[in-house]
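These notebook entries record what I looked up in one structure.

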Amino acid sequence: MGPVPSADPRWRPRLSVPAGLRARYGLSAAQALEAWPLLYQREPELYELLVEGEPLHPRLFRELPLDGARVLEVGAGTGRLTLPAAARAAEVYALEPVAAMREVLRRKLEERGVTNVTLLDGRAEAVPLGDQSVDLAISASAFGADPEHGGEDGLRELLRVTRRPGEVIVLWPDDPNWFMGHGFTHVAFEGELEVRFRDLATAYRCAGIFYSPAVADHFRRTRRPVIPFAALGVNVARDLCRLQIE
Ligand SMILES: C[S@@+](CC[C@H](N)C(=O)[O-])C[C@H]1O[C@@H](n2cnc3c(N)ncnc32)[C@H](O)[C@@H]1O
């Protein structure tokens with residue numbers, strides 16, 4: 001599973017907001033961008049059902065210099081990256097602006113007895129940490145070019161709180177070209193990934209809200225809650241952008 005260059009056609013741009021999610025909150029096309037934040041605020045458990053079976057490529061974790069590190073994670077959500085990061089890091093500062101998402105993550109940390117994660121309320125654009133206070137800043141499917149997702153102000157903040165030498169690594173970026181324009185390297189890893197929902201009912205439910213009718217048809221045909229990641233019509237979670245700072 002070697003790295004492949006970012007121009008690799010396997011990277012696809014972000015799809016528009018899923019129609020099922022928009023319909024769920026009665027949003028017009030013009031309001032579509034509100035759909036994901038509404039999901040995070042109103043139904044964090046539904047988000048968790050979606051992502052619990054949606055793996056990040058295992059090679060991505062191996063690329064992160066987490067061992068013994070002090071780490072800032074931006075947009076921690078319900079902890080898909082936080083938990084594996086905490087297993088190796090000395091300390092993880094999990095920054096997440098949505099209280100309902102932080103609460104799901106807080107419960108998971110408590111249930112698993114994880115004590116080296118500090119939950120922080122805040123956004124990438126104003127990180128509540130001191131200058132050069134972490135070795136590494138990471139994010140999965142959260143930080144990006146859009147000012148709502150951090151943008152220029154957020155990147156300035158990540159660079160401020162990361163010590164020298166240190167690193168900023170963004171997993172599964174929506175917009176690798178923006179990162180490359182800011183000096184990051186983009187790497188995608190080969191290998192197939194499967195999305196595996198907890199059961200068939202969850203697979204149908206998530207397909208109806210987040211994916212196309214073709215995905216629901218796949219579950220109906222196979223009678224299994226499993227689908228190749230590549231068949232979902234979204235960018236497969238196998239790439240990262242990284243910037244070493246001296
Ligand atoms: C798609 S979820 C990803 C969550 C988690 N990292 C994962 O991989 O499942 C995006 C998360 O980023 C958070 N977020 C959105 N804008 C943000 C910002 N400007 N700064 C920090 N977090 C943000 C959202 O509240 C949400 O929890």
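Entry 1. Burial and Trp172.

I count a residue as buried if 20 or more other C-beta atoms, placed from the backbone, lie within 10 Å of its own, and as exposed if 12 or fewer do. The model I am reading is a predicted one. I looked up Trp172, which has 23 C-beta neighbours inside 10 Å and therefore counts as buried. Trp172 is located in the loop between strand S6 and helix H8, the latter spanning 176-180. I noted that the phi angle of Trp172 is near 50 degrees, a positive value in a residue other than glycine. Which residues does Trp172 touch, not counting those up to four places away in sequence? I found Leu56, Ala140, Ser141, Ala237 and Asp239. I also looked up the separation of Trp172 from Tyr204: 32 residues in sequence, and 24 Å from C-alpha to C-alpha.

Entry 2. Ser141.

Ser141 is among the residues that Trp172 touches, and I examined it next. Its place is the loop between strand S5 and helix H7, where H7 covers 151-161. Is Ser141 buried or exposed? Ser141 has 20 C-beta neighbours inside 10 Å, so I count it as buried. The phi of Ser141 is near 50 degrees, which is positive although the residue is not glycine.

I looked up the peptide bond from Arg164 to Pro165 and recorded it as cis, with omega near -10 degrees. Pro165 belongs to strand S6, residues 162-171. I then went to Glu192, in the loop between strand S7 (185-189) and strand S8 (194-196). Along the chain, Glu192 and Leu56 are 136 residues apart, while their C-alpha atoms are separated by 11 Å.

Entry 3. Strand S2 and its partners.

Why do I describe strand S2 (residues 70-74) as largely enclosed by the rest of the structure? I do so because four of its five residues are buried. I looked up the pairing of S2 with strand S3 (residues 91-95) and found a parallel arrangement over five bridges. Within that pairing, Val74 has Leu95 of S3 as its bridge partner. S2 is also joined to strand S5 (residues 134-140) by four bridges, and these two strands run parallel. In S5, I found Ala137 opposite Leu72.

Entry 4. Helix H3 and its crossing with H6.

I listed the buried residues of helix H3 (residues 44-52) as Pro44, Tyr47, Leu49 and Leu50. These buried residues pack against helix H2 (35-42), helix H6 (99-112) and H9. For H3 and H6, I recorded axes that come within 9 Å and cross at roughly 60 degrees. H3 is therefore oblique to H6. The crossing of the two helices is right-handed. The contact involves Pro44, Glu45 and Glu48 from H3, with Ala100, Met101 and Val104 from H6. By class, I noted four nonpolar, no polar and two charged residues in this contact.

Entry 5. Helix H9 and its crossing with H10.

In H9, I found Ala203, Cys206, Ala207, Ile209 and Phe210 to be buried. The buried residues of H9 pack against helix H1 (19-24), H3 and H10. At what angle do helix H9 (residues 200-210) and helix H10 (residues 213-222) pack? I recorded an angle of about 165 degrees, with the axes 8 Å apart. H9 is therefore roughly antiparallel to H10. I looked up the handedness of the crossing of H9 and H10, and it is left-handed. On the H9 side, Leu200, Ala203, Tyr204, Ala207 and Gly208 make the contact, and on the H10 side Val215, Ala216 and Phe219. The contact of H9 with H10 has seven nonpolar, one polar and no charged residues.

Notes: Residues numbered from 1 in each chain as written. Predicted model: local features only at pLDDT ≥ 70, side-chain atom pairs only at ≥ 80, totals over all residues. Axes fitted to C-alpha atoms, helices over the stretch in contact; angles between N-to-C directions. Parallel < 35°, antiparallel > 145°, perpendicular 65-115°, else oblique. Left-handed = near helix turned anticlockwise from the far one by under 90°. Contact = placed C-beta atoms within 7 Å. Nonpolar A, V, L, I, M, F, W, Y, C, P; charged D, E, K, R; others polar. Pairing = 2+ DSSP bridges.
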